[in-house]
Amino acid sequence: MNFGFTDEQELLRQEVRKVLDAQAPMAEVRRLAETPEGFSRELWKQMGELGWLGLTIPEAHGGAGLGWVDLVVLLEEAGRSLLPSPLIATTLAAATIADAGSALQQARWLPRLADGTAIGSVAVLEAGDRLDPAGIQMRGAPVGDGWQLGGEKRAVLDGAAADLLVVAFRTGDGAEDIALALVERGAAGLRIESTPSLDATQRVARVHFDAVAVLPDAVLGTPGRAAPVLARLLDRGAVAVTAEAVGAAEQAVRLTVEYAKQRVQFGSPIGRFQGVKHPLAEMYVDVESFRSLLYYAAWCLDEGDAETTRAVSMAKAYASEAFSRIGIDGVQLHGGVGYTWEYDIQLYLKRSKWVRPTFGDADFHYDRIARIRTEAA
Amino acid sequence: MDFHLTPDEQAFRDEVRAFLDELLPPGRHPSDPEFLSTWQRRVREKRWVGFSWPREVGGGGGSIMQQVILKEEMAKRRAPALGTCFMGLAWVGPAIIEYGTEAQKQRFIPDILDGKVQWCTGYSEPGSGSDLASLQCRAVRDGDHYVVSGQKIWTSIAMWSQWMILLVRSDPAAQGKHDGITCLLVEMDSPGLTVRPIRNMSGTSIFAEVFLDDVRVPIEQRLGAEGEGWKVTVSALAHERSSIAEVEGLLRKLDELVELARASTKNGRPALDDDGIRRRIARFETRIAAMRMNGMRFLTKQLKGEPLGADTSINKLHRAALEIEMGDLALEIQGSDGALEKEIDGGRWQRFALSWPEVVIGGGTPNIQRNIIAERVLGLPKD
Ligand SMILES: Cc1cc2nc3c(=O)[nH]c(=O)nc-3n(C[C@H](O)[C@H](O)[C@H](O)COP(=O)(O)OP(=O)(O)OC[C@H]3O[C@@H](n4cnc5c(N)ncnc54)[C@H](O)[C@@H]3O)c2cc1C
């Protein structure tokens, strides 16, 4: 039994922290958030060179062939810095191609996603905001051996920057009749519309499909049989977002603790008052607890463990709920300065608003946990 | 990261399971006295009583991992306790092993292991609860005795105990409030010692007031040096492990809660079909899993030889909230009958819903745990 990180993983953490502290300090993050693209192409290139983008991509395709436990280390640090980058989007696209793509599809895309010359993303969610297969209403119209897609996908992570989208669509009326296809930037009929987020360090887009052609060689795996692949994609997404949430929430607590130590009122640092120190203690308890759940979920993903879905849901449910509260309490405990644009704590509150719904909010995941428990009995 | 057991650990787990299969086959009701005495004899033969203690003193010399496996397997089957001298095994014994003289070890440890005695804990006083170090019970040296006068309160099982581990103030002039405290081992039938049971809110009596009026305690019953009582007891309380056994207990409770929700109705439907109730149960399940995973992380630290520090307060807070909220949801699911004393299941849930203070207050209150985390982990100023 060992629930800790290896020396290599600790080294990775140090490296990531060092690079991000130097290249993406908060002033730089704030600057990037105001640029049209929202992230630094230069740093992105460097992330590719450092091997961060291909961390979980197989070695045969130019990646490091590591697991989700390793990725968690990277994402925690990215979350701590509120690093704006299409890292999660690209990792999820690559993982799905590695999971269900043909040898040809893998050889074509994975090396480019690994070195950052291509940015990937996943287009799943639609207007109904449902994450289960039934929520996928976009119907592929059969055309020759392929399909034609019409409709709209929402909350596509870094959609505006993406060179490649993994798109989920429906092939029939059966709940599980799901297919996944690769659609490239610039495809005829594809229009990508940026939708500004509350959290400016996080870019999302709405993607419009107007008779977009999907040729047979663009389909991942067997059309109509992709529901399990989609389910794994959503689990990975929830783990990735939770990993960033751990880093971000921990940093929000740290900022608030530091503030509580130096702000003096009634002749004492406010951190001496229990109305301040007890919420801070609760925040710490929560971060450590969803961190533990996250590590377990990542380990389950790597092991292909039967517990994976339940473990993922627990981590994301707890994180969605707790990080939201941490964002609010963090701002509140800062007093008036917490409400200013200048102080960083507000950026973490905004991040929590993005984390909460992305890949399922607390209710979505609690419902899944309840279903697993009551169906097993 | 790896949650798999090593082959040795697996072998040990299989040994425990085989033992449980033999003694606790399904359907066996583990409460008849004859069974319980066989059980205690057999687990003692296995050296699973005092399993973490060194073999020289009669313990089992189990590794940290083996202790966890043993506790976990036992809790999963709702096995009876390993040994009967609860406080002796939990902290009095460990304190004696660490600070006791050779004579004290020989005198006290075997009886604790064999369950021949019961120990109680005389720390809290009417004026000293959370602020335990302010305790006033006085001990004055008189030749080869201490003469003790004062009062203790909330002393669990005092009325059934033969011995008490007692904290007294031996030097009122000492500088800090943690100095000048001494730890004594006192016989409950000593002249001048009286016990008066206190009735608690569930109507039973498990704790008592203990009055000491010039009670003479021989100096060879002092544990550790004079004035070192605080250190002796603090280190003994730190013997509490990483809460993995508590997790199993909570999981069994959760199973029962799910069954209760299945069997009860709300708005004409099974309560288990109600979204609100389902989510609350899923939330408990998530908190319990968080405790387990936190426990695993603490355990990993322990296995690397790192101190646990204030980490255990995290799971104490989770456990406190779970004990309160799970009992409360049970009564809520029962509706109007939940407010009756014994209408459902003989009042089992009512008793559960009224007993959380044993865990929530007895082991240091949630506010105190929050102070510990805020001050020792986050480095906030003391209040
Ligand atoms: C079932 C049970 C069994 C027990 N068994 C034993 C036993 O065997 N031996 C023994 O010695 N003791 C025992 N105790 C006593 C137990 O350790 C004390 O009750 C506990 O430490 C709290 O002390 P108190 O009751 O004096 O409450 P107080 O310390 O008076 O606390 C009252 C309230 O004030 C809060 N509070 C106190 N100080 C602070 C602070 N600094 N900051 C914020 N809030 C604060 C507390 O959180 C609590 O909510 C037992 C208690 C119970 C309930």
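Rings of Phe, Tyr and Trp (its six-membered ring) pair if their centres lie within 6.5 Å; planes under 30 degrees apart count as stacked, over 60 as edge-to-face and the rest as tilted. By this rule the count comes to 22 aromatic pairs over all chains.

Before you click, some housekeeping. This is a predicted model, where local features need pLDDT of at least 70 and side-chain atom pairs count only at pLDDT 80 or more, while totals for chains, interfaces and linings use all residues. Residues are numbered from 1 along each chain as its sequence is written, chains are lettered from A and ligands numbered from 1 in the order in which they are written, and side-chain values use heavy atoms, leaving out hydrogens and water.

Now select A:F3 and B:F3. Their ring centres are 4.6 Å apart with planes at 65 degrees, so the pair is edge-to-face. This pair crosses between chains, each partner sitting in the segment before α1 (7-23) of its own chain; helices here are DSSP runs (H or I, at least four residues), numbered from the N terminus. A:F3 is buried at 4% relative accessibility, and B:F3 is buried at 14% (buried means under 20% relative accessible area, 1.4 Å probe, protein chains only).

Next, pick A:Y296 and A:W299. With centres 6.2 Å apart and planes at 20 degrees, these rings are stacked. Both lie in helix α8 (residues 274-303) of chain A, 3 residues apart, about one turn of the helix.

Last stop: the charged end of B:R287 sits over the ring of A:Y318, 3.7 Å from its centre (CZ of Arg within 6 Å of the ring centre and within 35 degrees of the ring normal).

Note on methods: Helix = DSSP H or I, 4+ residues; strand = E, 2+ residues; numbered from the N terminus. Buried < 20%, exposed > 50% of the residue type's maximum accessible area, 1.4 Å probe, protein only.
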